[in-house]
Amino acid sequence: MKKILVVDDSSTVRQQVGMALQQAGYAVVEAGDGVEGLAMLEKGGISMVICDVNMPRMSGLDMLENLKRDARHANIPVVMLTTEGHPGLVERAKKAGAKGWIVKPFKAELMIAAVGKLVGA
Amino acid sequence: MNSENAKIIEQSVSDSCLSLFEHYQLPLVRVDDASQAESVQLLFCGVLGFSGEQMRGTLLLATSREPLGRTSPTSDASLREWIAELANQLLGRIKNRLIPHGVTLHLSTPLVLRGLHIAPLPRAELAPYLFACDGGNVCVWFDAELTPGVDLTKMVETEGLIGEGMSTLF
């Protein structure tokens, strides 16, 4: 079973995303900010990351850039899930190696379709 | 703030709030007489700051229990935590609506206040946006200060802007 790391400072969003992923057959682990997210990656076994942008301690974009600098994690696909839709931020994420961008409130079927395309069922 | 700028901000805030709650299947109706907000019992208030070259200020979203509980996407979610996320999503919508008007905002992370009668003290007289729904009320204070000379009627290119609920793969 593919394991997805969901990083968001809102526990409600983590629950909401987690339920949708679990119903689609994925295992889910959670982190509340970028620092926790990077720590979860160290435990291994993560197939994909879904990550908020605005978070305390370490933002999603900073976490993305850290992750991509680490050869052990650089190939893990990352999709940003955020209220932000500004083209400048989207471009920064794309340049840093993100594979996609979803604007909250998200539609579960779109998110699951994106996950399926990136890591398979 | 001139009346044209004020009108654009008011439309952005009002439309954003209506569409956000609509997404969570809770239709709101704007109440024109904002003074009624003084008699509304509010449960929680989510607060975010925002800043940018063109505008800075604070957004406060406060609701009574009913709209907060009915919009929560999970049954066991903390209402305190949910008002913070709702405020974040509301300001995200407002921010995206202001991008075509040349405004780029940076948002803080939300914090939550609790109280029965929440009445912020803004920099100037500021009426809340008051909305009613079946069984409750929603109030929004959008305390914004524009940089002198900013003209929101001037539209800018928004190619690449991703709207709420949309996704894209690179």
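Two strands are taken to pair if DSSP finds at least two bridges between them, where strands (E, at least two residues) and helices (H or I, at least four residues) are DSSP runs numbered from the N terminus. The structure is a predicted model, in which local features need pLDDT of at least 70 and side-chain atom pairs count only at pLDDT 80 or more, while totals for chains, interfaces and linings use all residues. Side-chain values use heavy atoms, with hydrogens and water left out, residues are numbered from 1 along each chain as its sequence is written, and chains are lettered from A and ligands numbered from 1 in the order in which they are written.

In chain A, strand S1 (residues 3-7) and strand S3 (residues 48-51) pair in the parallel sense over four bridges, and within this pairing A:Val6 has A:Ile50 of S3(A) as its bridge partner. S1(A) also pairs in the parallel sense with strand S2 (residues 27-31) of chain A, over five bridges, with A:Lys3 standing opposite A:Ala27 in S2(A). From S1(A) the chain crosses through helix H1 (residues 11-23) of chain A to S2(A) in a right-handed β-α-β crossover, a term that applies if, with the strands pointing away from the viewer, the path from the first strand over the helix to the second runs clockwise.

Burial was assigned from relative accessible area (buried under 20%, exposed over 50%, partly exposed in between; 1.4 Å probe, protein chains only). Four of the five residues of S1(A) are buried, so this strand is largely enclosed by the rest of the structure.

With a disulfide defined as a pair of cysteine sulfur atoms within 2.5 Å, the count over all chains is zero. B:Cys17 is accordingly in no disulfide, the nearest cysteine sulfur, that of B:Cys139, being 9.4 Å away. B:Cys17 is buried, at a relative accessible area of 0%, and A:Cys51 likewise counts as buried, at 1% relative accessibility.
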